[in-house]
Amino acid sequence: MGLVSGMIIAAFTEFVTSHSYSPVRELAETCKAGPASNVTLGLALGYMSTVVPVIFIAVTAFVANHFMGYYGVSLAALGMLSNLPLSLAIDGYGPISDNAGGIAEMADMGEEVRERTDGLDAAGNTTAAIGKGFAIGSAALVSLSLYGGFLHNAQLSESDISLKKADIFAGLLVGAMLPYLFSAFTIRSVGKAAFGMVEEVRRQIRENPGILEGTVEPDYKACIRISTRASLIEMIAPGALVILSPLILGFAFGPSILAGFLPGAIVSGVQMAVSAANTGGAWDNAKKYIESGAMIDENGKKVTKGTDIHKAAVVGDTVGDPLKDTSGPALNILIKLMAILSLVFASKFKDMHS
């Protein structure tokens with residue numbers, strides 16, 4: 001079940017993120033109406049893309065649990081993780097091809113070379129989304145199996161985790177909220193770092209106009225410092241949120257509230273992660289589809305870089321980058337790490353509230 005559902009999720013992810021298929025091409029067409037339409041329909045595509053992965057994860061979990069309990073869920077997670085070599089290979093393809101395009105552009109290698117690297121980059125966006133699909137699906141199953149271990153260590157029975165209990169329901173609501181708060185932290189961090197980078201570039205150009213003429217070398221290290229600092233400092237708050245939330249709830253209110261908290265975080269986090277990864281990949285490839293010259297405007301001419309249609313696609317891609325590269329992948333860590341911490345400290349929570 002894990003192997004089969006993993007491959008189905010991968011195939012569906014390719015369908016919704018590759019510009020070889022209709023969803024991304026339709027998204028590119030909406031750029032003719034401006035960036036607002038592109039962003040709106042891109043979000044809709046991301047939300048709809050959760051249907052197939054979630055259904056197959058749910059079926060896999062149900063069948064595995066029906067026949068072998070949480071041990072069966074662990075086996076299903078192992079089955080999906082058996083695709084890991086393939087996942088790592090295709091996930092590494094994306095940044096390699098993306099960097100190849102950047103090198104070609106910086107080296108002024110000619111338009112025909114850039115067109116080829118753009119094709120590779122578009123394929124890389126799809127493979128990156130497929131790799132994230134594997135990761136998200138396996139994270140859901142792994143977290144569910146860890147949840148079974150938590151219930152065992154905390155000595156909670158089925159009657160103890162009924163939704164009729166106030167603490168279970170309260171934990172469920174708080175857990176479902178946490179991925180939204182976590183995503184807000186990570187997306188805001190990307191926005192702050194990007195703003196700082198833009199301000200630094202503008203400052204350098206104001207002080208040294210020769211940068212635009214090519215007579216003065218820019219201070220690249222200043223920009224690198226901004227991104228490096230943001231990647232370290234800005235992740236303290238989200239990291240603390242993930243680590244401290246289950247510990248504070250467990251020690252303050254006991255293991256019962258975590259019995260609701262963890263499923264809420266898993267259910268909410270998986271769907272947010274799928275939506276973020278697929279939305280960002282679709283926006284990026286819609287832009288690549290336009291840049292390839294395959295799209296025709298209302299005057300029968302090829303749409304090229306610099307046109308209003310292309311600018312609308314760039315806006316969508318800019319919105320999608322923090323979703324697919326930061327928030328989406330990080331949510332896998334959120335649900336797994338909270339489940340692991342809850343499992344490790346389950347007996348301590350039980351002893352304090354017994």
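What follows is a walk through the helix packing, the nonpolar core, the aromatic pairs and a couple of loop residues.

A word on ground rules: this is a predicted model, where local features need pLDDT of at least 70, side-chain atom pairs count only at pLDDT 80 or more, and totals for chains, interfaces and linings use all residues. Residues are numbered from 1 along each chain as its sequence is written, and side-chain values use heavy atoms, with hydrogens and water left out.

Let's start with helix 11 (residues 255–291) and helix 12 (residues 308–352), whose axes come within 6 Å and cross at roughly 160 degrees. Helices here are DSSP runs of H or I with at least four residues, numbered from the N terminus. Axes are lines fitted to C-alpha atoms, for helices over the stretch in contact, and the angles run from 0 to 180 degrees between N-to-C directions. The angle makes helix 11 roughly antiparallel to helix 12; angles under 35 degrees count as roughly parallel, over 145 as roughly antiparallel, 65 to 115 as roughly perpendicular and the rest as oblique. The crossing of this pair is left-handed, meaning the near helix is turned anticlockwise from the far one by less than a right angle (clockwise would be right-handed). By class, the contact of helix 11 with helix 12 has 23 nonpolar, 10 polar and seven charged residues. Nonpolar covers Ala, Val, Leu, Ile, Met, Phe, Trp, Tyr, Cys and Pro, charged covers Asp, Glu, Lys and Arg, and the others, Gly among them, are polar.

Now over to helix 4 (51–81) and helix 6 (residues 111–153). Their axes come within 8 Å and cross at roughly 125 degrees, which makes helix 4 oblique to helix 6. This crossing is left-handed too.

On to the core. The largest nonpolar core has 45 residues, and L141, F150, L334 and M338 have the most contacts inside it. Such a core is a set of buried Ala, Val, Leu, Ile, Met, Phe, Trp, Tyr and Cys residues joined through side-chain atoms within 4.5 Å. Helix 11 gives the largest share, 11 residues.

F150 turns up again among the aromatics. It forms a stacked pair with Y147, 6.3 Å centre to centre with 25 degrees between the planes. Rings of Phe, Tyr and Trp (its six-membered ring) pair if their centres lie within 6.5 Å; planes under 30 degrees apart count as stacked, over 60 as edge-to-face and the rest as tilted. Both residues lie in helix 6, three residues apart, about one turn of the helix. Y147 is buried at 7% relative accessible area, and F150 is buried at 0%; buried means under 20%, exposed over 50% and partly exposed in between (1.4 Å probe, protein chains only).

Elsewhere, F15 and Y21 form a tilted pair, 5.6 Å centre to centre and 55 degrees between the planes. F15 is partly exposed at 34%, as is Y21 at 33%. Together with F12, F15 and Y21 form one aromatic cluster.

Finally, the loops. Most residues other than glycine have a negative phi. D108, in the loop between helix 5 (84–106) and helix 6, has a positive phi of about 50 degrees although it is not a glycine. Q155, in the loop between helix 6 and helix 7, has a positive phi of about 55 degrees. D108 is exposed at 68%, and Q155 is exposed at 57%.

Terms used
Helices (H or I, at least four residues) and strands (E, at least two) are DSSP runs, numbered from the N terminus.
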